[in-house]
Amino acid sequence: MISRIIYIPFDHLNMSHGALAKANPKTDLVVLIESKRMVTGRNWHKERLFFMISSARHFAKELETQGFQVQYIKADTTIAGLEKAKKSLGKDVPIICAEPSSIKQFEALQEFGVDFVPNDFFLTPRDLFRDWASKQKSFVMENFYRLQRNRLGILVEDGKPVGGQWNFDQDNRLPPPKNYTWPAYLEQTRDEIDVEVAKELNHELATTWATTRAGALAQLQHFLKYHMDAFGPYEDAVAKDNWAMHHSLISPYLNNGLIHPSEVIAETIKAYKKNDYAIQSVEAFVRQVIGWREYINGMYWFLGYEYREANALKANRTLLTVFKNSQATKMNCVQGVVADIEKRAWTHHIPRLMILSNLALITGVNPQEFLDWMRENFIDASEWVMVPNIIGMGTYADGGKLMTKPYPAGGAYISRMTEFCKTCVYDPKKRSGDDACPFSTLYWDFLDRHRETFKMNHRMAQQLKGLDRLSDLDELRDRAKFVLKGLDKGNI
Ligand code: SF4
């Protein structure tokens, strides 16, 4: 006899966590809802839609094999789907869901009367993070991360960090290696559910992303076996001949629930001990999982919904053409990175931050337009990930709530950490002139445009001093106007 509905959003696909942790197949009806709004409400990347829908349908099937009664409902909205599920039972029963991962969904479900159980898809309870954040003067991730290491007992022995340091970042900044053979990627196998979803979406079936827990676990093991040891040194580099390098490619599965951070960490530590992997690599990966990921999610909830709308630098340029079409630019780095996204809905953190967000920042693209584009185009782009990353870190739209300064970069950084510049029509060393690198031009123009605002920030003093020393500022300003116009038109 059914006495409860358990609602499973598409990012809670886990049998052992969330609302399913204490579910009973005899008395619970499990409901998943593929809402029209979710599918057609935004200009989603098809690979992302395919991943989310196929994962959810596989999960629904898996629940049935575990003996659960499952309804996979197609409806206009989530709420309409839940009404449909209630109606099908012919009686009023409570609806249970783990606290949703987005503020808007939380409010909508709360208003509908859904009862929540705590969201345990992270290692840090929301109130514990709130406690930490409310005591901070500035939200330094490194401080939070060290607390996490101690609190969770990860890579800590007798209160001291394993390897003698908490952070090995200074060892992990190598440019792309030369004459290097990257291990092959895991190609995912496809089944009839994948084929059906791809057909419905009119999407070409690719084999990059797993749509089952088994596939996600296989990806984790593949990373731990072939990539973990060398992950650290090249984690910030961008190679031209390899789209993933040594990155784990597991964020989509962590973010939709197929795997849990606790098992990722347990497996990582096991592999580290068994294989004696380099501590600089293991620590860097652990930091991403127990540090950055938890910190960003915590900050999303701590800062609240209004934070999403911040635009401290009054950046109002329409989204650049190149974000929508990789061929609308001659900038080798931007073209290469956007082409990767068009193909797989993914690039690692450095192209996201130092190429895409940097471009949005220094051209003055409206942060909300850029945020929407990032949300729509990345396979792992949950609201909680993208809002702090774009509004805080990427575009400094929050005026310094998250980071103490903006992080604009010119061509020199991209030239050092990527292989794009060698074959680019532009010269990363030039800031003015016809073949000047647009990043180098716009870096200085950005500082110049916001000189008054940044004057108040002592952490920007060095950069403003550099600006004062430029002898070609007038020429650079003219070039910047030309470049910005060209980026709008899509011919730079
Ligand atoms: Fe990008 Fe400038 Fe390098 Fe060209 S020269 S690849 S535009 S950073």
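Me: What space lies in the second largest pocket?

Reply: The model is predicted: local features need pLDDT of at least 70 and side-chain atom pairs pLDDT 80 or more, while totals for chains, interfaces and linings use all residues. Residues are numbered from 1 along each chain as its sequence is written, and side-chain values use heavy atoms, without hydrogens and water. On a 1 Å grid over the protein atoms alone, a pocket is an open set of points with protein on both sides within 12 Å along at least five of seven lines, whereas a cavity is a set where a 1.4 Å probe fits but cannot get out. With points joined across faces, edges and corners and volume taken as the space filled by probe spheres set on them, the second largest pocket holds about 1,000 Å³.

Me: Which residues lie nearest the centre of the second largest pocket?

Reply: Lining residues have an atom within 4 Å of a grid point. The lining of this pocket numbers 37 residues, and those nearest its centre are M38, W44, S102, Q105 and R375.

Me: Which cavity does the ligand take up?

Reply: A molecule sits in a cavity if more than half of its atoms lie within 2 Å of its grid points. For the ligand, that space is the largest cavity.

Me: How many residues of domain 3 are in contact with domain 2?

Reply: The bounds, from an automatic or database domain assignment, are 147–297 for domain 2 and 309–489 for domain 3. Contact means heavy atoms within 4.5 Å. On that basis, 28 residues of domain 2 meet residues of domain 3 numbering 23.
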